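Open the model in your viewer and keep the selection panel at hand. The tour moves from stop to stop.

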Amino acid sequence: MVELKTETELAVMREAGRVVATALATVREHAAPGVSLLELDTLAAQVIRDAGATSSFLNYRPHFAPTPFPGVICASVNDVIVHGIPDGYRLRAGDLVSIDCGACVDGFHGDAAVSFTIGPPSAADATLIEDTAAALAAGVAAARPGGRLGDVSHAVGEIGRAAGYGIPQGFGGHGVGRRMHEDPSVPNEGRPGRGLPLRPGLVIAIEPMFLAGGRDRFVTDPDGWALRTADGSRAAHAEHTVAITDDGPVLLTVV
Ligand code: MG
Ligand code: MG
């Protein structure tokens, strides 16, 4: 069931989004050669705790997962697409890192992700990251009242396919609210003019994930969480939680 949010609820979600954006900025600021993914997780946990919020990710267990998630961020390096468990791996110059984070304030969640490199990116990584961010921006721009969910999915997928990237099937955006993942599902490909009508009060996470190798195939790590490109190519992921309002799309996961 799709739940529309009131103005008051959107204001609370904006606070949750602010916490997520602050945590992501803090992680990005500290991500450097030699820093471990666990250290980044600890930093994000501190930001969430200091804000009086709680982690949406810690102990989260969706249907596909064999174990509760052990961190407050997903840290997905190089060929890991999403859902990387933060561990003792120490970052190296040239790594392409995607960090995903969720926080809950007064019962409402925010969910966002960003991709960047450790040190200067290769030309290919820079393009992959830029295209993923551009797809997110296009999806957000399509999230307007009077439109359809398919407009958002189409806007995202069109950019990825035009650039020749793979798009993993079965993973994408989602409604956000009292639960981090709620209806509707927001696929990263779709047909314009189709699907759920977009109404003010609808809140969705839009999250393109593009695979540089051009194939859609991915494999799941033995931990049951991390999704990796099957061809070993790099992947990027970007995400914002977005409210559809009478005035158009409003990003909730910004500082
Ligand atoms: Mg996320
Ligand atoms: Mg999400």
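Which residue in β13 is the bridge partner of alanine 205? Select threonine 241: this is the partner of alanine 205.

Some ground rules first. This is a predicted model, in which local features need pLDDT of at least 70, side-chain atom pairs count only at pLDDT 80 or more, and totals for chains, interfaces and linings use all residues. Residues are numbered from 1 along each chain as its sequence is written, chains are lettered from A and ligands numbered from 1 in the order in which they are written, and side-chain values use heavy atoms, with hydrogens and water left out.

**Stop 1**

Strands here are DSSP runs of E with at least two residues, helices are runs of H or I with at least four, and both are numbered from the N terminus. Two strands pair if DSSP finds at least two bridges between them.

Now widen the selection. The open sheet has five strands in the order β7-β6-β8-β13-β14, with antiparallel pairing. At its edges are β7 (182-186) and β14 (248-251), each pairing on one side only. Neighbouring strands are turned by 30° against each other on average, direction ignored. Axes are lines fitted to C-alpha atoms, for helices over the stretch in contact, and angles run from 0 to 180 degrees between N-to-C directions.

Contact means heavy atoms within 4.5 Å.

**Stop 1: the two magnesium ions**

Select ligand 1. The protein donors of this magnesium ion are Asp100 (OD), Asp100 (OD), Asp111 (OD) and Glu239 (OE), at 2.0 to 2.5 Å. Donors are N, O and S atoms within 2.8 Å of the metal (3.2 Å for Na, K and Ca); water is not among the atoms, so sites may look incomplete. Along the chain, the donors of ligand 1 follow the spacing D-x10-D-x127-E. Aspartate 111 sits in strand β5 (residues 108-117), while glutamate 239 is in the loop between β12 (235-237) and β13 (240-245). The two are 128 residues apart, so the pair links distant parts of the chain.

Are aspartate 111 and glutamate 239 buried or exposed? Both are buried. Buried means under 20% relative accessible area, exposed over 50%, and partly exposed in between (1.4 Å probe, protein chains only).

Move to ligand 2. Asp111 (OD), His174 (NE2), Glu207 (OE) and Glu239 (OE) coordinate this magnesium ion at 2.1 to 2.2 Å. The spacing of its donor residues is D-x62-H-x32-E-x31-E. Histidine 174 lies in strand β6 (residues 173-175), and glutamate 207 in the loop between β8 (203-206) and β9 (209-211). Histidine 174 and glutamate 207 are buried. Show both ions together: they lie 3.1 Å apart, bridged by aspartate 111.

**Stop 3**

Nine of the ten residues of β5 are buried. β4 and β5 pair in the antiparallel sense over ten bridges. Valine 97 has phenylalanine 116, in β5, as its bridge partner. Two residues lie between the strands of this hairpin, where aspartate 106 takes a positive phi near 45°.

**Stop 2: helix α2**

Select residues 37-50. Helix α2 has 14 residues and reaches 20 Å from its first C-alpha to its last. Its buried residues are Leu37, Leu40, Asp41, Ala44, Ala45, Val47 and Ile48. Just after α2, glycine 52 takes a positive phi of about 75°.

**Stop 3: proline 86**

Proline 86 is in the loop between β3 (80-82) and β4. It counts as buried, at 8% relative accessibility. Neighbours within four places in sequence aside, its contacts are Leu37, Leu38, Asp41, Phe69, Gly71, Ile73 and Ala75.

Conventions: The expected span of a helix is 1.5 Å times one less than its number of residues.
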